Protein chains: 2
Amino acid sequence: MPFTADGARPRLEVFVLPGIGEIRAGDDLAAIILAVAGPAASRLADGDILAVTSKIVSKAEGRQVAATDREQAITDETVRVVATRAHPGGVTRIVENRQGLVMAAAGVDASNVAEGTVLLLPADPDASARALCAALRAATGLELGVLITDTVGRPWRDGQTDIAIGAAGVAVLDDLRGTTDAHGRRLDVTVAAVADEIAGAADLIKGKTSGNPVAVIRGLGHLVAAVDAGDRGARRLLRDSANDMFRIGSAEAYAEGYAAGVAAAGGGASAVASASGATREPTTAEDAAELRERAPSTLPKGQDAVTRETPAGDLPGGARSAGANGPEVATHSGSASL
Amino acid sequence: MPFTADGARPRLEVFVLPGIGEIRAGDDLAAIILAVAGPAASRLADGDILAVTSKIVSKAEGRQVAATDREQAITDETVRVVATRAHPGGVTRIVENRQGLVMAAAGVDASNVAEGTVLLLPADPDASARALCAALRAATGLELGVLITDTVGRPWRDGQTDIAIGAAGVAVLDDLRGTTDAHGRRLDVTVAAVADEIAGAADLIKGKTSGNPVAVIRGLGHLVAAVDAGDRGARRLLRDSANDMFRIGSAEAYAEGYAAGVAAAGGGASAVASASGATREPTTAEDAAELRERAPSTLPKGQDAVTRETPAGDLPGGARSAGANGPEVATHSGSASL
């Protein structure tokens, strides 16, 4: 629990660093941030965490690419299709992308970029965070942390929140397991995803169109100090899909089960054809609608029965390998229930 | 975008109100909060939002119930089983509860309560928030907002975050659709779940065992002012399950599809029996393990094929009715992709 300098009362402050203009490929983000932060000693302090919108990191890293076909760009960034849904404007694809993140459109961003281009996420957001953090620490002599943030939707709840997709110098999880409550009972499933909560707090004042892509979070120095022993970045927050109870959409899993059930029962050729059609990926809204028509009539209401698994090995380079999270994340996955 | 009094720079402050002791059934939460807040004029201000941990609201409302069987308490609070998973200590149930929230164990809390009892969530967290907000506003004359918060896990990402399960006097969604980005393109799928981001920010300083169940968020007065025209509470954040691509777990949907596929293909009695067994709900870890053994061998690795849909009508009273979110939420569900 953080305390202010007088030790009296936990207090958190979040403020933006205004004045960061349009970022271009090759820009030195650390220098730009320090320029708008003013004299470091007066504006930044030990333990401060900088939450940086991924968009400006991508732009600085030249991740803006020509895209006559945004859909192809999404396909190229996809490691695994999680769920798809047709809507009047096309097909929304929820996928696991090369960074291991599950998000709509693989994180490919078509807003706030020049016409005819799209913006990809940083190739390795943790590496981007490490480089930025190291440069800021070297220039200021301060113990700073860096989070790279992006905006995502989530199951079950409407609206979007910001999460941390990259981290350096900040503990992303605050593990309270093993501590006891006021009655002496063990708190066995409390591992707070503090990096995501920090990203959300920063979003509250950064806004989306305000031109304030960097916020400073002050008052969580204990999370900055906590990573001295090792810094594994925001990748620690990724749950291994094999351990995820929601690794694919309900309709997609239903369609897979349906096909397997038909096969197991020795179904005829027509039944199998219907099931395999339902697992083909749609490329247009019309295609998706047609697949939906062919899907099992018992499909849960409001869901599309369309999916395709894209094995990581099918993709050229950069695909996330199984077990990339390492054993530590597996431990969290195994014990922390929803 | 919030600005400080001098209009210069968005800034957010979050601080706890220390000194709130153990809460008992019948306690007047508003009076207790005001007592520790000190003279309202000096400690609270127009536009402040109070994030109150649901646990103390439940305790004040007498939601602590005797429970020799925590599992039965969870069953009683469940409207719909979303997913289950067996682990060495038993079976984790992710369910939609009476409040419409999807969470583990229906939100039934066995920590920080007296032995032999469990704590249920407030029966109507929005109503609790409204009552508390009205009392605080009446006593202080200030335009305050109230969020009631709880801790939840989420698919795809490890760790837990705090969300808003009740709200009054605060806009829970900040709808940026229709606004344009710096290049004049429409931002068509950005609806920020600000109430959840505020809950997360508060959690960063409240901690879990610190005895600081109330935090004040200052600097988001625009969200407090925004609800003058109507206040529909945190229920607006609940996505209708019929519109949710992840309404049930992957393994559960697979098992449903498998059974339907077997039936459609005219499978024999043994195949159907296997499928129906896979959709029976387990009540013990051993039972779950047995069901897993009987489940289709092609089941995705690491998943349990066990679920049961509990129609709301099967439960005595209080079950969430379809369409309770009203048309406004349906609009959000329909347009806001993940």
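Glu71(A) counts as partly exposed, since its relative accessibility is 33%, where partly exposed denotes the range between buried (under 20% relative accessible area) and exposed (over 50%), found with a 1.4 Å probe on protein chains only. The side chains of Arg93(A) and Glu71(A) meet with 2.8 Å from N to O, a salt bridge being a side-chain nitrogen of Lys or Arg within 4 Å of a carboxyl oxygen of Asp or Glu. This pair links distant parts of the chain, for Arg93(A) belongs to strand 5 (residues 90–97) of chain A and Glu71(A) to helix 4 (residues 70–77) of chain A, 22 residues apart. Helices (H or I, at least four residues) and strands (E, at least two) are DSSP runs, numbered from the N terminus.

This is a predicted model, in which local features need pLDDT of at least 70 and side-chain atom pairs count only at pLDDT 80 or more, while totals for chains, interfaces and linings use all residues. Residues are numbered from 1 along each chain as its sequence is written, chains are lettered from A and ligands numbered from 1 in the order in which they are written, and side-chain values use heavy atoms, with hydrogens and water left out.

Over all chains, a search of the whole structure finds 20 salt bridges, and the table lists some of them.

| Salt bridge | N to O distance |
|---|---|
| Arg93(A) and Glu71(A) | 2.8 Å |
| Arg154(A) and Asp196(B) | 2.7 Å |
| Arg157(B) and Asp196(A) | 2.9 Å |

Asp196(B) lies in helix 6 (residues 194–206) of chain B and Arg154(A) in the loop between strand 8 and strand 9 of chain A, so this pair joins two chains. Both Asp196(B) and Arg154(A) are buried, and a network of salt bridges links Arg154(A), Arg157(A) and Asp196(B). Arg157(B) sits in the loop between strand 8 (145–152) and strand 9 of chain B, with Asp196(A) in helix 6 of chain A, so that this pair too joins two chains. Arg157(B) counts as buried at 8% relative accessibility, and Asp196(A) is buried with a relative accessible area of 5%.

The two chains also share an open sheet of ten strands with mixed pairing, in the order 9(A)-8(A)-2(A)-12(A)-1(A)-1(B)-12(B)-2(B)-8(B)-9(B), where two strands pair if DSSP finds at least two bridges between them. Its edge strands are strand 9 (161–168) of chain A and strand 9 (161–168) of chain B, each of which pairs on one side only. Within chain A, strand 8 (residues 145–152) runs antiparallel to strand 9 and is joined to it by seven bridges, with Leu147(A) standing opposite Ala167(A) of strand 9.

In chain B, the buried residues of helix 4 (residues 70–77) are Ala73(B), Ile74(B) and Glu77(B). They cover an arc of only 100 degrees around the axis, which puts them on the same side of helix 4 of chain B; the arc is that of the directions from the helix axis to the C-beta atoms. What covers these residues includes strand 4 (78–87), strand 5 (90–97) and strand 7 (117–119) of chain B.

Ser128(B), placed in helix 5 (residues 125–140) of chain B, is buried with a relative accessible area of 9%. Leaving aside residues up to four places away in sequence, Ser128(B) touches Val57(B), Glu61(B), Pro122(B) and Ile148(B), contact meaning heavy atoms within 4.5 Å.
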